[in-house]
Amino acid sequence: MSQDIKKIELRNLELSDYREIKASMIEAYSDIEEPQWKEEEIRTLTEKFPEGQFVILADGKVVGGALSIIVDYASLDENHSYDEITGFKARDNRRQEETGYYSFDTHKPEGDVLYGIDVFVHPAYRGLRLGRRLYDARKELCERLNLRGIVFGGRIPNYGKYADKLTPREYMRKVRHKEIHDPVLSFQLSNDFHAKKVLKGYLPEDESSLEYAVLLEWDNIYYQKPQKLAQATKQVARVGLVQWQMRPFNSLEALFGQVEFFVDAVSAYQTDFVLFPELFNAPLLAGFDNLAEADAIRGLAEYTEPVRDKLREFAISYNVNIVGGSMPFIRDGQLVNIGFLCRRDGATDSYEKLHVTPNEANYWGMVGGDKLTAFDTDCGKVGVLIGYDIEFPELSRLLAEEEVQILFVPFNTNTQNEFIRVQQCARARAIEDECYVAIAGSVGNLPRVSNMDIQMAQSAVFTPADFAFPGNGVLAEAPPNTETTLVAELDLALLKHLHAYGSLRNLQGRRTDLFELRKR
């Protein structure tokens with residue numbers, strides 16, 4: 001058949017298609033008496049919801065169709081029947097007319113779910129994947145109208161052959177596990193629909209299914225709950241990374257001047273985030289060069305709160321969220337490495353380095369923090385892991401379970417092998433946890449600062465590895481060991497598609513029946 005067809009066309013249904021629709025339906029539903037829609041019902045559908053009705057043509061002939069309405073999900077009774085969902089109305093039999101008609105007064109333009117009321121393909125044209133095209137058209141419509149998903153009652157026409165051995169629930173499970181083939185349910189499950197429950201008495205005239213149906217649902221991963229415009233979460237985030245040059249500063253104000261220079265430069269590109277490196281304020285250590293290393297770093301910690309306050313000021317005045325790298329901080333008498341997320345609305349949150357390196361512990365007496373947090377922002381959910389923390393995959397996986405979309409990694413490395421560990425682990429985290437990972441480090445040297453004398457970095461943004469992303473998993477990369485900035489645009493919608501339809505789905509595929517990961 002396929003070699004004889006010259007043209008396949010999919011378009012919205014028109015009332016003039018009725019005769020061919022009727023003919024195709026009669027052939028498609030040969031096991032149901034008078035299965036075709038009445039012309040007045042087709043007219044009603046095209047008047048109420050024209051964009052929801054599709055037909056598919058082979059060489060100009062209608063050979064299949066998909067009909068739908070919009071309903072309000074909250075008011076949808078999961079135990080509904082087909083007559084209830086389509087607004088069936090009984091006629092006055094005293095006038096010797098048909099028993100009734102479908103009014104579709106259940107269609108609610110302001111609703112949030114697309115309800116499928118029919119899909120059919122002429123038997124002579126099956127095997128050409130025309131049904132898949134119709135389902136794809138519905139999905140595209142659902143996404144375009146920003147509806148929560150698609151719901152419908154699916155027939156199980158082969159159930160009658162197994163009813164003496166299996167309950168409908170058992171039959172549904174065996175079809176799902178491919179132990180039994182059902183021409184309708186098997187197809188629907190292969191098109192990313194999932195079964196919610198069995199409906200009894202759904203379609204009384206469906207004798208093959210013994211009046212049973214399966215309530216099926218497809219979730220629109222792009223659905224956005226209606227929000228006030230000012231509160232809407234952006235679906236494309238632009239990030240700016242600062243590859244910071246370690247240079248001597250003779251005062252705190254000089255450091256502020258350099259920080260503001262980069263915030264100004266990066267925010268000029270309408271960025272949503274600016275990321276600074278780990279311990280970017282280390283040049284101020286030069287003012288403590290007469291002290292032992294452990295005492296000098298504690299002296300530097302005195303500047304942390306003033307720097308935090310200045311970052312918050314810049315975030316507001318430049319309308320950008322600032323991920324403030326990290327700085328030493330004294331808490332309860334212990335030295336920790338913390339950073340601040342300064343939002344453009346004035347709110348401030350902190351994050352901590354959980355794993356300190358042997359060098360940091362031995363030279364400075366630094367200890368690890370105890371707080372791992374995912375942050376909601378106006379550009380999605382983000383997390384921050386400082387330097388060495390990126391080498392512990394459990395941390396990013398815990399953040400992934402909280403649906404983090406962007407992972408920021410401020411780091412500080414002084415040798416190539418140190419940098420390679422950070423770089424390669426960051427790339428692995430992007431793949432494992434299906435998120436964007438942005439890393440930013442420092443370059444240059446500080447001749448009079450012990451334990452911070454040489455820096456090496458190549459800032460970058462890494463992506464998951466799938467067709468929607470760069471083939472090498474690198475969205476953007478700065479030149480190595482050069483003071484510069486890097487700006488990249490992150491499409492957060494691609495992550496949603498990856499989670500649901502990726503070639504491989506690391507998060508979905510975890511064997512949680514064998515292991516679990518949790519915070520203490």
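**Close-up 1. The largest cavity of the predicted model and the residues around it.** About 40 Å³ of space lies in the largest cavity of this predicted model, and the structure as a whole holds one cavity of 30 Å³ or more. The lining of the largest cavity is made by Y351, E352, L354, K371, L372, T373, F375, V384 and L385. When these lining residues are sorted by class, six are nonpolar, one is polar and two are charged.

**Close-up 2. The second largest pocket and the elements that line it.** The second largest pocket contains about 640 Å³ of space, and 24 residues form its lining. Of these residues, E403, V404, Q405, K496 and H499 are the ones that lie nearest the centre of the pocket. Four elements each supply at least two residues of the lining, namely strand 16 (374–377), strand 17 (380–384), helix 11 (393–401) and helix 13 (492–501). Helix 13 gives the largest share, with five residues. Taken by class, the lining of this pocket consists of seven nonpolar, nine polar and eight charged residues.

**Close-up 3. The hairpin of strand 13 and strand 14.** Strand 13, which covers residues 327–331, pairs with strand 14, which covers residues 334–342, in the antiparallel sense, and five bridges join the two. Across this pairing, M327 of strand 13 stands opposite I338 in strand 14. Two residues lie between the strands of the hairpin, and in this hairpin D332 takes a positive phi near 55 degrees. A student following the side chains along either strand may keep in mind that in a regular strand the side chains alternate between the two faces of the sheet.

**Close-up 4. The salt bridge of K196 and E78.** Among the 25 salt bridges that the structure holds is one in which the side chains of K196 and E78 meet, with a distance of 3.2 Å from N to O. This pair links distant parts of the chain, since K196 belongs to strand 8 (residues 194–199), whereas E78 sits in the loop between strand 3 (61–71) and helix 3 (82–86), 118 residues apart. K196 counts as partly exposed because its relative accessibility is 33%, and E78 also counts as partly exposed, at 36% relative accessibility.

**Close-up 5. The salt bridge of R247 and E483.** R247 and E483 form a salt bridge in which the closest N and O atoms are 2.9 Å apart. Here, too, distant parts of the chain are linked: R247 is found in the loop between strand 10 (236–246) and helix 7 (252–267), and E483 is found in the loop between strand 23 (474–477) and strand 24 (484–491), with 236 residues separating the two. With a relative accessibility of 25%, R247 counts as partly exposed, and E483, at 27% relative accessibility, counts as partly exposed as well. Both values lie in the range between buried, under 20%, and exposed, over 50%.

How values were computed: Residues are numbered from 1 along each chain as its sequence is written. This is a predicted model: local features need pLDDT of at least 70, side-chain atom pairs count only at pLDDT 80 or more; totals for chains, interfaces and linings use all residues. Side-chain values use heavy atoms; hydrogens and water are left out. On a 1 Å grid over the protein atoms alone, a cavity is a set of points where a 1.4 Å probe fits but cannot get out, and a pocket is an open set with protein on both sides within 12 Å along at least five of seven lines; lining residues have an atom within 4 Å of a point. Grid points are joined across faces, edges and corners, and a volume is the space filled by probe spheres set on the points. Ala, Val, Leu, Ile, Met, Phe, Trp, Tyr, Cys and Pro count as nonpolar, Asp, Glu, Lys and Arg as charged, and the others, Gly among them, as polar. Two strands pair if DSSP finds at least two bridges between them. A salt bridge is a side-chain nitrogen of Lys or Arg within 4 Å of a carboxyl oxygen of Asp or Glu. Buried means under 20% relative accessible area, exposed over 50%, partly exposed in between (1.4 Å probe, protein chains only).
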